[in-house]
Amino acid sequence: MENTQNQSLSKSQITIMAIAAGVCVANIYYNQPVLKDIAKSLNTTEANVGLISVLAQAGYGFGLFFITPLGDKFNRKKLILGLQGLLIFALLGMVFLDSRIAIFAMSLIIGICSVAAQVILPMAASLEKNNRAKTISFIFSGILIGILAARVFAGTIAEWFGWHYVYAISAVMVFATALMVHFSLPDVKQEFTGNYISLLQSALQQIKRFSVLRRSTLLGALIFGAFCSFWTTLTFHLSGSPFNFGSDTIGLFGILAIAGALLAPYFGKMVDGGNAAKSQLYTTGMLLFSVILLNILPHSVWAIIVAVLLLDVGVQATQLINIATIYTLDEKANSRINTIYMTSYFIGGAVGTFVGVQCWKFGGWNLVTWQLILWSALAFAVAFYSYRNKP
């Protein structure tokens, strides 16, 4: 396909990019509603398989830092297709391998290769010249829906067919989107001409260049740490007394999270009006209120429902504001800027998942909610500092 760097993306291309990104990133989260099922099939405890979520998140963080910067140097379309091919291999490994170590290894590879979603996003930002903010918002919404729908999909499929089918069906979906990417997206030559080491060094230099990126990175890590800690441990909380919900019922809570993702872009619009810092006060405040509610009313289904809505709106809206802000810093370094932000974001998620699992192991839901309050209070403090020190 011809070089289309100076043209705008078509609606069908934008839709394909949103679907492909959502399908890829969803693979990191399929494990969360089915950890109990995986533990049962491996004859081990939930705490011992909690490492699956940690490895998927850590793998994604590793891939973000060491692979996604290549989008500023190599053909992004070929990079996306290569990652999708390896992702299919790892998903099939989850289907056919039955040892805990093998599943841990496949989870790590799934995390690494799912960064194809984060190659797609800066690719769209560099190709779209006329409606960049609108296009990025649409594709990012695809990523959010992929993240959140993953829990509904995985919980339902695991309940009716078994958890192995979750990964088998995902392999088919990734293959289908790879075909769409191959036949629909353009090949574009990238501008960075240095070697791989200088590329990574340049990515790190973006931290020094932009104070906005530093604050956004810290805030992103904190909110996603809370997000992942909550969703991983919620599975354990809802599957035990007094709820005793099955995987399909637990997965339905993801529908509430999808509703939150659809509401999040409302706050993102405030960026264009110069109200990003003020908006982040609202969104992080919603996050803090939601986790306090979980602490006060730990056994109320209605309190959990309200908290899920507020938490997901708060986290996803804050993330959308951060993304919209950092893509205004330097168009030529979009992949490297995205690398710094998203690497820190998902490392925060991995740490949050690990801390959440350990808190559940040693202190149950009560300790989990207290550490969620700590994550959220720190995020609100960063947002408040940004508001007080905005240019």
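The model is predicted, so local features need pLDDT of at least 70 and side-chain atom pairs count only at pLDDT 80 or more, while totals for chains, interfaces and linings use all residues. Residues are numbered from 1 along each chain as its sequence is written, and side-chain values use heavy atoms, with hydrogens and water left out.

## Salt bridges

Let's start with charged partners. A salt bridge here is a side-chain nitrogen of Lys or Arg within 4 Å of a carboxyl oxygen of Asp or Glu. How many salt bridges does a search of the whole structure find? The search turns up 3, and here they are:

| Salt bridge | N to O distance |
|---|---|
| Asp-72 and Arg-76 | 2.9 Å |
| Arg-336 and Asp-72 | 2.8 Å |
| Arg-209 and Asp-330 | 3.0 Å |

To place these residues you need helices, which are DSSP runs (H or I, at least four residues) numbered from the N terminus; strands (E, at least two) are found in the same way. Take the bridge between Arg-336 and Asp-72. This pair ties together distant parts of the chain, 264 residues apart: Arg-336 sits in helix 16 (residues 334-388), and Asp-72 is in the loop between helix 4 (51-66) and helix 5 (76-96).

The bridge between Arg-209 and Asp-330 also links distant parts of the chain, this time 121 residues apart. Arg-209 belongs to helix 10 (residues 196-209), and Asp-330 to the loop between helix 15 (301-326) and helix 16. Through shared partners, salt bridges join Asp-72, Arg-76 and Arg-336 into one network.

Asp-72 counts as buried because its relative accessibility is 4%. Arg-76 is buried too, with a relative accessible area of 4%, and Arg-336 is buried at 9%. Arg-209, by contrast, is partly exposed, with a relative accessible area of 45%.

## Empty space inside

Rolling a probe the size of a water molecule over the atoms shows where empty space is left. On a 1 Å grid over the protein atoms alone, a cavity is a set of points where a 1.4 Å probe fits but cannot get out, and lining residues have an atom within 4 Å of a point. Grid points are joined across faces, edges and corners, and a volume is the space filled by probe spheres set on the points.

The structure has 4 cavities of 30 Å³ or more, and the largest cavity has a volume of about 50 Å³. Among the residues lining the largest cavity are Gln-118, Phe-140, Phe-224, Gln-316, Met-342 and Tyr-345. Helix 8 (132-161), helix 15 and helix 16 are the elements that give two or more residues to this lining. Which helix gives the most? That is helix 8, with 4 residues.

The lining of the largest cavity divides into 8 nonpolar residues, 3 polar and no charged. In this count, Ala, Val, Leu, Ile, Met, Phe, Trp, Tyr, Cys and Pro are nonpolar, Asp, Glu, Lys and Arg are charged, and the others, Gly among them, are polar.

Now for Tyr-196 in helix 10. Tyr-196 is partly exposed because its relative accessibility is 30%.

Val-49, in helix 3 (residues 46-49), is buried, with a relative accessible area of 0%. The C-alpha atoms of Val-49 and Arg-100 are 8.0 Å apart, although the two residues are separated by 51 residues along the chain.

Most residues other than glycine have a negative phi, and most peptide bonds are trans. Where does this chain do something else? The peptide bond from Ser-241 to Pro-242 is cis, with omega near 5 degrees. Pro-242 sits in the loop between helix 11 (211-239) and helix 12 (247-263). Asn-244 lies in that loop between helix 11 and helix 12 as well. Asn-244 is not a glycine, yet has a positive phi of about 55 degrees, and is exposed, with a relative accessible area of 53%.

Asn-43 also has a positive phi of about 55 degrees without being a glycine. Its place is the loop between helix 2 (35-41) and helix 3, where Asn-43 is exposed, with a relative accessible area of 72%.

Terms used. Buried < 20%, exposed > 50% of the residue type's maximum accessible area, 1.4 Å probe, protein only. 1 Å grid on protein atoms, 1.4 Å probe; cavity = no way out; pocket = protein on both sides within 12 Å on 5 of 7 lines; lining within 4 Å.
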